[in-house]
Amino acid sequence: MLARSLLISTCISSALAFAPVNTVHRPTSSLSVAVDTSDIKNGLTVELDGEPYKVLNFSIMKQARGAAKTTIKFKNLKRGTTIENTYRSGEKFETAEITRKPSQYTYEDESGNYYFMDMESFEEVMVESKNVEDQKDWISEGMELDLIYFKGEVIEVRVPSPFVFEVVETEPNVKGNTSQGYTKPAVLSCGATISVPGFVEQGSMIKVDTEKGEYIERI
């Protein structure tokens, strides 16, 4: 408990004393609005049967006769399960009413639960591992990110994208290797491994698309 208190106190002091390199937005709320199949896009969160579902991917099948059909794969953000449904063109949905709160990651306990500090209230927030699964490779101690709430419950952890990381491990660039498109694996400060251009060296700071897990540029 003492170690936990010291860690949280350190995070609070850091948050107050320094402006972060990677910024997180202030708390915002998204009201529920009506959309139809033409508005569907990857990452959109809708409410189905009273629960939040995130669009993972979708496809549109045009027919010789009749309206096109849209097949959507959803992830239930409360249960972690996925479903796939097909809808007629123009069918309507309600977007989920969610709240985004800037928070700071502090630690993971022995049970795999993740703990964050609300950047507004400085209260500690526990999030179950199932709600962090998709983002855990990008999270590192002290990182500022967003917790997504639905009806007062955290349903998702959202890491800012793009985000700047340090390359902590990668093979040295081979002198004279100028082959177009040459890439190599690199381990980032958060623990994730991505492909980077051959000229990127250990210690480099790079900008990464955390949604796609792709290198953008060297800083």
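This is a predicted model: local features need pLDDT of at least 70, side-chain atom pairs count only at pLDDT 80 or more; totals for chains, interfaces and linings use all residues.
Trainee: Okay! How many of the residues are buried?

Mentor: Of the 219 residues in the protein chain, 38% count as buried. Buried means under 20% relative accessible area, exposed means over 50%, and partly exposed is in between (1.4 Å probe, protein chains only).

Trainee: And what's the secondary structure?

Mentor: There are 1 helix and 17 strands in the protein chain. Both are DSSP runs numbered from the N terminus: helices are H or I with at least four residues, strands are E with at least two.

Trainee: Let's do sheets. Which strands form the open sheet, and in what order?

Mentor: Its 6 strands run in the order S2-S7-S3-S4-S5-S6, with antiparallel pairing. At the edges are strand S2 (34-36) and strand S6 (82-88), each of which pairs on one side only. On average, neighbouring strands of this sheet are turned by 50 degrees against each other, direction ignored. For that angle, axes are lines fitted to C-alpha atoms (for helices over the stretch in contact), and angles run from 0 to 180 degrees between N-to-C directions.

Trainee: What does "pair" mean for strands?

Mentor: Two strands pair if DSSP finds at least two bridges between them. In general, strands of a sheet pair through backbone hydrogen bonds, either parallel or antiparallel.

Trainee: How many bridges join S3 to S7?

Mentor: Strand S3 (residues 45-48) and strand S7 (residues 92-95) run antiparallel and are joined by 2 bridges. Valine 46 stands opposite threonine 95 in S7. S3 also pairs in the antiparallel sense with strand S4 (residues 51-61), over 4 bridges. There, threonine 45 has lysine 54 in S4 as its bridge partner.

Trainee: What happens in the hairpin between S3 and S4?

Mentor: That hairpin has 2 residues between the strands, and aspartate 49 takes a positive phi near 55 degrees, although aspartate 49 is not a glycine. At 82% relative accessibility, aspartate 49 counts as exposed. Lysine 151 also has a positive phi, near 55 degrees, and is a residue other than glycine. Lysine 151 lies in the loop between strand S11 (144-150) and S12, and is exposed with a relative accessible area of 64%.

Trainee: Which peptide bond is cis?

Mentor: The one from serine 161 to proline 162, with omega near 5 degrees. Proline 162 has its place in the loop between strand S12 (153-158) and strand S13 (163-170).

Trainee: Switching to rings now. How many aromatic pairs does the structure hold?

Mentor: It holds 8. Rings of Phe, Tyr and Trp (its six-membered ring) pair if their centres lie within 6.5 Å; planes under 30 degrees apart count as stacked, over 60 as edge-to-face, and the rest as tilted. One of the pairs is phenylalanine 74 with tyrosine 87, which is edge-to-face at 6.4 Å centre to centre and 85 degrees between the planes.

Trainee: Why does that pair tie together separate parts?

Mentor: Because phenylalanine 74 lies in strand S5 (residues 69-76) and tyrosine 87 in strand S6, the pair ties together parts that are 13 residues apart in sequence. Phenylalanine 74 is buried at 0% relative accessible area, and tyrosine 87 counts as buried at 11%. Tyrosine 107 and tyrosine 115 have ring centres 4.6 Å apart and planes at 0 degrees, so that pair is stacked.

Trainee: Which residues do ring pairs link into a cluster?

Mentor: Tyr53, Phe74, Tyr87 and Phe93.

Trainee: And what sits over the ring of tyrosine 149?

Mentor: The charged end of lysine 101, 4.8 Å from the ring's centre. A charge sits over a ring if NZ of Lys or CZ of Arg is within 6 Å of the ring centre and within 35 degrees of the ring normal.

Trainee: Last one: is threonine 37 buried or exposed?

Mentor: Threonine 37 is buried, with a relative accessible area of 7%, and lies in the loop between S2 and S3. Not counting residues up to four places away in sequence, threonine 37 touches several residues, including Thr70, Tyr87 and Phe93.

How values were computed
Residues are numbered from 1 along each chain as its sequence is written. Side-chain values use heavy atoms; hydrogens and water are left out. Contact means heavy atoms within 4.5 Å.
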